[in-house]
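Dear colleague,

Please find below the structure that I am handing over to you, together with its sequence.

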Amino acid sequence: MIKWAGWIIALLGAAHTVLALTVEKAARHAGTWFSGGLWSEDLADMSPAGSAYWLSLESFGPPLVLVGLTVLWLDRRGITPPAFIAWTLAAWTAVDAVVLPFTPWPLFALACALLLIGARRAHHANPAPEAGLGQA
């Protein structure tokens, strides 16, 4: 379950970034991005190049790839990812579901549920000893 959660998170983050750069044509503004054209950008009144940058490279996509790959990395080493990762993504997903209901938030909700269930099963299969108990 944890592995599936990691793959879902990483693939959705990558898909968002790649689709923004290609389908939404954000990459056509790369010349402006890398020439300093956004240095005086006003976030309250963004240019098309600024909007494209925030939709693609500065979006939640790249960090989600990192989170998903970290979950996979931990799982491959037999380390259960901490539940706060799932709970934090779940809170963000709930906001996304309310603000933008026609996004893939149900897939993120699935990833969060899989991550929480996997963590719970791992804890029940191998409970950690209570810290400080039995030590003199």
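**Packing of helices H5 and H6**

In this predicted model, helix H5, which covers residues 83-99, packs against helix H6, residues 105-125, at an angle of about 160 degrees, and their axes are 9 Å apart. Angles over 145 degrees count as roughly antiparallel, so H5 is roughly antiparallel to H6. The two helices cross in a left-handed manner.

Which residues of H5 and H6 meet? On the side of H5 they are Ala83, Ile85, Ala86, Trp87, Leu89, Ala90, Trp92, Thr93, Asp96 and Ala97. On the side of H6 they are Trp105, Phe108, Ala109, Cys112, Leu115 and Leu116. Sorted by class, this contact of H5 with H6 has 14 nonpolar residues, one polar and one charged.

**Packing of helices H1 and H6**

Helix H6 also packs with H1: their axes come within 8 Å and cross at roughly 150 degrees. H1 is therefore roughly antiparallel to H6. The crossing of H1 past H6 is left-handed. H1 contributes Ile2, Trp4, Ala5, Ile8, Ile9 and Leu12 to the contact, while H6 contributes Leu107, Phe108, Leu110, Ala111, Leu114, Leu115, Gly118 and Ala119. By class, the contact of H1 with H6 comprises 13 nonpolar residues, one polar and no charged.

When you compare these descriptions, please bear in mind that two packed helices are described by the angle between their axes and the distance between the axes.

**Aromatic residues**

How many aromatic pairs does a search of the whole structure find? The search finds five. In one of them, the ring centres of Tyr53 and Trp54 are 6.3 Å apart and the ring planes stand at 75 degrees, so this pair is edge-to-face. The reasoning rests on a cut-off, because planes over 60 degrees apart count as edge-to-face. Tyr53 is partly exposed, at 23% relative accessibility, and Trp54 is partly exposed as well, with a relative accessible area of 40%. Tyr53 and Trp54 belong to one aromatic cluster with Trp33 and Phe34.

Lys25 is placed in the loop between helix H1 (2-22) and helix H2 (30-34). Its phi is near 60 degrees, which is a positive value in a residue other than glycine. Is Lys25 buried, partly exposed or exposed? With a relative accessible area of 48%, Lys25 is partly exposed.

Leu74 lies in helix H4, residues 61-76. Leu74 has a relative accessible area of 13%. Buried means under 20%, so Leu74 is buried. Apart from its neighbours within four places in sequence, Leu74 is in contact with Ile79, Pro81 and Pro82. From Leu74 to Val99 there are 25 residues in sequence and 32 Å in space, C-alpha to C-alpha.

Thr80 is found in the loop between H4 and H5. At 34% relative accessibility, Thr80 is partly exposed. Neighbours within four places in sequence left aside, Thr80 is in contact with Ile2, Ala119 and Ala122. Thr80 and Asp42 are 38 residues apart along the chain, and their C-alpha atoms are separated by 42 Å.

Conventions:
Residues numbered from 1 in each chain as written. Predicted model: local features only at pLDDT ≥ 70, side-chain atom pairs only at ≥ 80, totals over all residues. Heavy atoms only, no water. Axes fitted to C-alpha atoms, helices over the stretch in contact; angles between N-to-C directions. Helix = DSSP H or I, 4+ residues; strand = E, 2+ residues; numbered from the N terminus. Parallel < 35°, antiparallel > 145°, perpendicular 65-115°, else oblique. Left-handed = near helix turned anticlockwise from the far one by under 90°. Contact = heavy atoms within 4.5 Å. Nonpolar A, V, L, I, M, F, W, Y, C, P; charged D, E, K, R; others polar. Buried < 20%, exposed > 50% of the residue type's maximum accessible area, 1.4 Å probe, protein only. Phe/Tyr/Trp six-rings, centres within 6.5 Å; stacked < 30°, edge-to-face > 60°.
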